[in-house]
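Have the viewer open as you read.

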Amino acid sequence: MPDLWSVLLFVTVWLTVGLVTAAWFVLRAGHAHLLWYVVGGLLGPLFIPIAVERGRATTRPVDVREGRPRRTGGVRVLVGVDGSPDSDRALRAVARTLAGTTGELVLVSVTSPDRIGREAEDERRATRRMLDERVRGLPGDLPEPTTEVVVGHPADALLAMAEAHDVDLLVAGRHGHGLRDRLLGSVAEDLTRRSSRAVLLGSLSDR
């Protein structure tokens, strides 16, 4: 029979591998739920192929409405919109500070690649309604925005759409720096590390 230290070592390695994989997964895939740490801890090394496979979701637009850029040019801006207070602050920051210089505006919302069938369609419709509400609240001196609902992982999808639209500036909400954000990862921080374009984090308070 294995001795107690061998059992403890096995359990420690099992949990460590699972938790490290879970940490990579939530940061890479943007699955903002602490339950993944429970899954990783229980499955240990068995979670590695699951995380790798689920982390490969391809970005694909599922609902696109074309806007009208200004003919005179200007800064091309893409804003990640998810309906959160941080996201709304980021959008208001664009409206407040860049309205006169924005030549093209793209609003992108990312939905989960894990939902299928009716659940995926319900999420797409709810996301479209949220985007339409944000568009109605924009000031008239901004160009008519293109709005896109995209399936994928948040950071990957925003970076892919920024490339597709060849924007000058990528805007996203910034979350806090508490324990929850360290455990779940920050899409904003991922964007700043990986983007080859200018990134504005909408962390400014409303004025």
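## The sheet

Six strands form an open sheet with mixed pairing, in the order E1-E4-E3-E2-E5-E6. Strands (E, at least two residues) and helices (H or I, at least four) are DSSP runs numbered from the N terminus, and two strands pair if DSSP finds at least two bridges between them. Strand E1 (60–65) and strand E6 (198–201) are the edges: each has a single partner strand, so one side of each is left without a neighbour in the sheet. From one strand to the next, the twist averages 25 degrees.

This is a predicted model, where local features need pLDDT of at least 70 and side-chain atom pairs count only at pLDDT 80 or more, while totals for chains, interfaces and linings use all residues. Residues are numbered from 1 along each chain as its sequence is written, and side-chain values use heavy atoms, leaving out hydrogens and water.

## Strands E3 and E4

Strand E3 (residues 102–111) and strand E4 (residues 146–151) run parallel, joined by six bridges. Val110 has Val150 in E4 as its bridge partner.

## Helices on the sheet

Helix H5 (residues 117–136) lies across E1, E3 and E4, at about 155 degrees to E4. Angles run from 0 to 180 degrees between N-to-C directions, with axes fitted to C-alpha atoms, for helices over the stretch in contact. Helix H8 (residues 187–194) also packs on the sheet, touching strand E5 (169–172) and E6, and its direction makes about 160 degrees with that of E6.

## Leu131

Leu131 is found in helix H5. Is Leu131 buried or exposed? Leu131 is buried, with a relative accessible area of 0%; buried means under 20%, exposed over 50% and partly exposed in between (1.4 Å probe, protein chains only).

Not counting residues up to four places away in sequence, Leu131 touches Val81, Leu107, Ser109, Thr147, Glu148 and Val149, where contact means heavy atoms within 4.5 Å.
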